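Here is a friendly briefing to read alongside the model. Have the viewer open and follow the topics in any order you like.

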Amino acid sequence: MFAKTPEADFNCDYPGYSGLWCRLIMAVTSYAMTNNSVAVIHGPANCAWAVRNFCQTDYSLYYGNPFLHMPVTNIDQDDVISGGADKLIATLKEVDRDYKPEHICVFDTCSTALIGDDVQSAIKTAQKDCNARIDYMSSAGFTTPPLGKSIEQTALSYADMMEAPSEKLENTVNILGQYKEQQDCSPVPGKKKCKNRRKYKDDASELARFVEGIGLQVHRVLVSGNHDYIKTAPQAMVNVISCPTWGFPLAKKMEEQFGVPYIKQCIPIGIEPSKKWVMELAKFTNKQQEAENFIQKELDELMPVFEKTKSFVDGKVALIECGRNSQTAFARPMALALALQELGMQVRLFGLHPLELKAKAMDYEYFMQEGFDPLILDGNYAYQQPVNIVHVIEDLGLRQAGYVYFTQDIFPAARGGVFDPASAPRVETGVHLRRVLNAPARGVGFKGAKALYENIIEAVMFSARGSRPTLYGRVHGGFYENF
Ligand code: SF4
């Protein structure tokens, strides 16, 4: 599938899509994880509303900064002829005066990029009269339509906000690749470090537990914190990675630009991947003994539930959906597949658009290098249309008790009496909706693995009910996207 799909650039005429996942949305939502900052959208009001709408419905409710200010330069028909640079300069000065942020980031849009507004010069001019540091993130929607590419470009922008380190801090580690996660996991300088991280953990909290568990210290979790926090990230001895799509591009750039090496393991879901993640970091920092002790303690607690789960899924197929409505998820379903294979399940991934696979070449290369090449079901997938899971089950000839469905997105499929958790086991692994007490929602690490196993047992047991469909299956089952 990877080899057959052409390069995912904006000249690509492979049947797919153009700009549905606008780069502006990816860029602004990543910036929404920062503190004391304002995003200035340089474009028409409608672009700003597209991002605000996304933030309201799919972001701030669950993750990151509960409210990011996003004033807009409000480019109109006249400005696209005469240029919008003056409006941008005026807006930047007003934002600096009224909001008094530490940091302002300018995001351009299709119209201002097409007319070639000189954003950098406008920033230079405004900067003379502003206290806030002003940066620019290229984000015009048309420039990188496939989601994976758009993330790659956005992640690189954070290296531009960093400075060469005047000192290196011994035994310190940055965690890269955090996106859409809860902000208070990050120890922001000047703020009390949140030791008792929220009861609903994120991936960064579990990876920070690994880092601290082997006697190292977390320096920065990116993207998060204020400008000073981001700027000083290159002081760390080494970078480790959570999500590869966000993490690898930034790690590579930080290595090139500031000489910070990075550990190649990432997104550790399941026992072996978690062990590898910890051991690779331990080898680099000469903490092998500490790591072995740490791992042993974790496994003592985990193995009984691992064995129990294995018996529950014996002979079952894992149906892993790669983004129900978006067909964009790749790294996380793959990492999940690795963990489910470890439990002895046969894994089948579906609902992945070939262009999205192609646009996530970095993730693809990572799993290939790990020797993990599971079966991904290809098909006539209309982009952004959910794949009918009942057809997938029929095509594979699966019995009702023969599979477990793993969701990866919002609005997971369900229809009372047809395909419902009361009769078909399903585990909610979509990052938007999954919340587990005291375990990272996205499932990394030993705590994530334990929560995943417990959820599988629960799902299989619950599906034995057979009758009386769930409320979700009865209400949501009538939605257009369900079969
Ligand atoms: S930047 Fe382009 S793709 Fe994004 S919302 Fe504006 S016009 Fe649409």
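Gln327 is buried, with 29 other C-beta atoms within 10 Å; a residue counts as buried if 20 or more other C-beta atoms lie within 10 Å of its own, exposed if 12 or fewer, and partly exposed in between, with C-beta atoms placed from the backbone. Gln327 has a positive phi of about 55° although it is not a glycine, and its place is in the loop between strand 7 (317-321) and helix 13 (331-342). Helices (H or I, at least four residues) and strands (E, at least two) are DSSP runs, numbered from the N terminus.

Please keep in mind that this is a predicted model: local features need pLDDT of at least 70, side-chain atom pairs count only at pLDDT 80 or more, and totals for chains, interfaces and linings use all residues. Residues are numbered from 1 along each chain as its sequence is written.

**Other backbone details**

- Most residues other than glycine have a negative phi, and most peptide bonds are trans.
- Lys100 also belongs in this group: its phi is near 50°, a positive value in a residue other than glycine.
- You will find Lys100 in the loop between helix 4 (85-99) and strand 2, where Lys100 is exposed, with 11 other C-beta atoms within 10 Å.
- The peptide bond from Leu222 to Val223 is cis, with omega near 15°.
- Val223 sits in the loop between strand 5 (217-222) and helix 9 (227-231).

**The chain as a whole**

- The secondary structure of the protein chain comes to 18 helices and 11 strands.
- With a radius of gyration of 23 Å, close to the 23 Å that the globule rule gives for 483 residues, the protein chain is as compact as a globular protein of that length; the radius is taken over C-alpha atoms, and the rule is 2.2 Å times the number of residues to the power 0.38.
- Taken along the principal axes, the box filled by the C-alpha atoms of the protein chain is roughly 65 × 55 × 40 Å.
- Of the 483 residues of the protein chain, 52% count as buried.
- Among contacts in the protein chain with a separation of 6 or more, 78% come from residues 24 or more positions apart; two residues are in contact if their C-beta atoms, placed from the backbone, lie within 7 Å.

- Helix 1 is mostly covered, with 9 of its 9 residues buried, including Arg23, Leu24 and Tyr31.
- Strand 2 (residues 103-108) and strand 3 run parallel and are joined by 5 bridges; Phe107 has Met137 in strand 3 as its bridge partner.

- Strand 10 (residues 403-406) and strand 11 run parallel, joined by 2 bridges; the bridge partner of Tyr405 in strand 11 is Arg426.
- Leu433 lies in the loop between strand 11 and helix 17 (445-462) and counts as partly exposed, with 14 C-beta neighbours inside 10 Å.
- Not counting residues up to four places away in sequence, Leu433 touches Ile410 and Glu428.
- The C-alpha atoms of Leu433 and Gln408 are separated by 9.3 Å, with the two residues 25 apart along the chain.

**The ligand shell**

- The ligand is surrounded by 11 residues, the closest being Cys22, Cys47, Thr109, Cys110 and Gly141; a residue is near a molecule or strand if its C-beta atom, placed from the backbone, lies within 6 Å of it.
- By class, this shell has 7 nonpolar, 4 polar and no charged residues; Ala, Val, Leu, Ile, Met, Phe, Trp, Tyr, Cys and Pro count as nonpolar, Asp, Glu, Lys and Arg as charged, and the others, Gly among them, as polar.

Note on methods:
Two strands pair if DSSP finds at least two bridges between them.
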